[in-house]
Amino acid sequence: MRRDDLIAVGPYGFEVPVSWRADMRVPARVYADDELLPPMLEGEAMTQLVNVATLPGVVDRVYGMPDMHEGYGFPVGGVCATEPPDGVVSPGGVGFDINCGVRLLTLPLTRAELGGRLESFVHELSRAIPSGTGRGVAWRLSDDELDGVLAGGSAHLVRAHGLGNDDDVARTESLGCLEGGDPSGVSARARDRGRGQIGSIGAGNHFVEVQQVESVHDAAGAQAFGLAPDRVTVLIHTGSRGLGHQVCTDYVKRMDAALAAHGLELPDRQLSCAPVNSPEGRAYFGAMAAAANFAWSNRQRIAHTVRGVAARLLGVAPDDVRTVYDVAHNVAKMERHGGRTLCVHRKGATRALGPDHPELPPEYRATGQPVFIPGSMGTASWVLAGSAGSGTPAFASCCHGAGRTLSRHAAARQVAGATLRRDLEARGIVVRCASNRGLAEEAPFAYKDVDRVAAVVEGVGLARRVARLRPLGVVKG
Amino acid sequence: MGAATRTLPHVGEWKVEVRAASRDEAFAEVARLIAAEAGRAAGEPGPWEPVGLDARDGVTLLVDWANELIGRGEASGRAYDEVRALAIGDAGPGLRLAAEVRGRAVPDWRSPIKAATYHGASLERRGGRWRARLLFDI
């Protein structure tokens, strides 16, 4: 696709009109600036967004966030909503890592107060939080325990197992539990993949990062979120691990096999889908909700581990390690927008509720929902506050990261992991990563400029910038 | 000539092409490359385990085969890099795969592979050799 194919909509909006391809049902709009747009036009990202605009029951328009890049089926950074009864739900619109997301914690310490204990703090986190499945399993769940997690989410971990506090639950999207989580819809293979993975981060771009608040851009928002200048924070990025991956695999296959029965023809098989209210759609929703609940439980368990390390090493009381918020960035949810109940798909995108929304905890009603845009491990991350009213831009969504511009293999070809490790450490960033190649694949230059992405988000009105966080140490899966 | 694998450009995921003398060898190579991502295997191979899959066409069978090995491997903590008695034949309107696989335990599981996707998947015979393309979510 070329720039000339797009219609400019305001300073940061670019739209593919519905007339561009005969099978489009709605327009496709991306949010970008002059620097972020060209990479979106390379590869398949725009074609994938246009493909999403063909889904049955899709409403209004489909959106590409400023971090959008090529995925499979849906682009990463894609948002769409469908309306029952014709509207479909697509497992590919959620992705394999169901409820991959981020949780931000604050410690009652400044960078200066952490002092020379930074390296030992990061090191102990790397020892206490497993990255894979075979090394130091944090907790191998029994069938009953797993059912409790799948149905009850992180709220279940807090209330039944004492792994956290009520504030954690209140400051988690959907209170850490999607209703309708159905353990019986999760296959034995999915259960076996996930049984030993609660409390682990996994491989790829997942991480636990220790940071400090470098600058505050919205004093009232920062105060509400507990983000004072120089405050130490911990950002947890992981999802539903093998359990979620298998749930997606199972239901993509099931829906792919049922496409003809529903009379559906798609431009990409990875968009396989079924009407929300069909047997396949309902079954997927139950299993996806269960996997989402597993993911929230995973981040809750990791937060518990962080608290344990902070208490042991830094003398910090567990309840003084506060959850700012926990938000999903791969999920489909039934939400109310513009007086309609819609199935909103966010694939590499987060919810970003504006002020006064009833789903927000009281302390965030005046500011809006905390939104996180993690950058790369060598640059920065942003905390923002949702500024959209319900039903305005992109179904109250925001981007989920900086977005890749370079493939993992290309990044690894351009820098040796050992060299990157030395570079980061020379800048005072403590790195713990078992694989030098894995480190190289996530090199900072493989990502877009996170400051530019955050500026576009604010310019569009999706969210407003609250604070910029600088990395101090990273534990990579 | 043995099977050969190369990585194709994709900004976010792992797109791979396998070329092999036969379709069976292409499937076996897919097993090996998935196993190689799991990490360092240790000890003796486990017992041979039967695998049976039905699919409507060759591409679907390829993706389902990859996903079977990804899921089976992570659930058991084994890297299934050995395949024997692999047979793919007609079954009604589609295809049926039967095989036996075995693998060694991987104590420190490192695989970044979440799943194989249908997106851009292909399986075709070209110039006397078989070419398979898969996109893995990593």
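Which strands of chain B does helix α2 (residues 58-76) lie across? The legends below take up this point along with other close-ups of the predicted model.

**View 1. Helix α2 of chain B on the sheet.** Helix α2 (residues 58-76) of chain B lies across β3, β4 and β5 of chain B. Its direction is at about 145° to β3(B).

**View 2. Helix α1 of chain B on the sheet.** Helix α1 of chain B, made of residues 23-36, lies across β4 and β5 of chain B. The helix runs at about 155° to β4(B).

**View 3. The three-stranded sheet of chain B.** Three strands of chain B form an open sheet in the order β3-β5-β4, and their pairing is antiparallel. The edges are taken by β3 (49-55) and β4 (78-91) of chain B. Each of these edge strands has a single partner strand, so one side of each is left without a neighbour in the sheet. On average, neighbouring strands are turned by 20° against each other, direction ignored. Strands of a sheet pair through backbone hydrogen bonds, in either a parallel or an antiparallel manner.

**View 4. Pairing of β3 and β5 in chain B.** Strand β5 of chain B covers residues 94-105, and seven bridges join β3(B) to this strand. The two strands run antiparallel. In β5(B), B:A99 stands opposite B:V51.

**View 5. Chain B as a whole.** Chain B contains two helices and seven strands. Read from the N terminus, its elements follow the order β-β-α-β-α-β-β-β-β. The C-alpha trace of chain B spans about 40 × 35 × 30 Å along its principal axes. Chain B has a radius of gyration of 14 Å, which agrees with the value near 14 Å for a compact globule with 138 residues.

**View 6. Crossing of helices α4 and α10 in chain A.** Helix α4 (residues 118-128) and helix α10 (residues 279-314) of chain A have axes that come within 10 Å and cross at roughly 140°. Angles over 145 degrees would count as roughly antiparallel; α4(A) and α10(A) are therefore oblique to each other. The crossing of α4(A) and α10(A) is right-handed.

**View 7. Residues in contact between α4 and α10 of chain A.** On the side of α4(A), the contact is made by A:S120, A:F121, A:E124, A:L125 and A:A128. These meet A:T305, A:V306, A:V309, A:A310, A:R312, A:L313 and A:L314 in α10(A). Eight residues of the contact of α4(A) with α10(A) are nonpolar, two are polar and two are charged.

Conventions
Residues are numbered from 1 along each chain as its sequence is written. Chains are lettered from A and ligands numbered from 1 in the order in which they are written. This is a predicted model: local features need pLDDT of at least 70, side-chain atom pairs count only at pLDDT 80 or more; totals for chains, interfaces and linings use all residues. Side-chain values use heavy atoms; hydrogens and water are left out. Axes are lines fitted to C-alpha atoms, for helices over the stretch in contact, and angles run from 0 to 180 degrees between N-to-C directions. Helices (H or I, at least four residues) and strands (E, at least two) are DSSP runs, numbered from the N terminus. Angles under 35 degrees count as roughly parallel, over 145 as roughly antiparallel, 65 to 115 as roughly perpendicular and the rest as oblique. A crossing is left-handed if the near helix is turned anticlockwise from the far one by less than a right angle, and right-handed if clockwise. Contact means heavy atoms within 4.5 Å. Ala, Val, Leu, Ile, Met, Phe, Trp, Tyr, Cys and Pro count as nonpolar, Asp, Glu, Lys and Arg as charged, and the others, Gly among them, as polar. Two strands pair if DSSP finds at least two bridges between them. The radius of gyration is taken over C-alpha atoms; the globule rule is 2.2 Å times the number of residues to the power 0.38.
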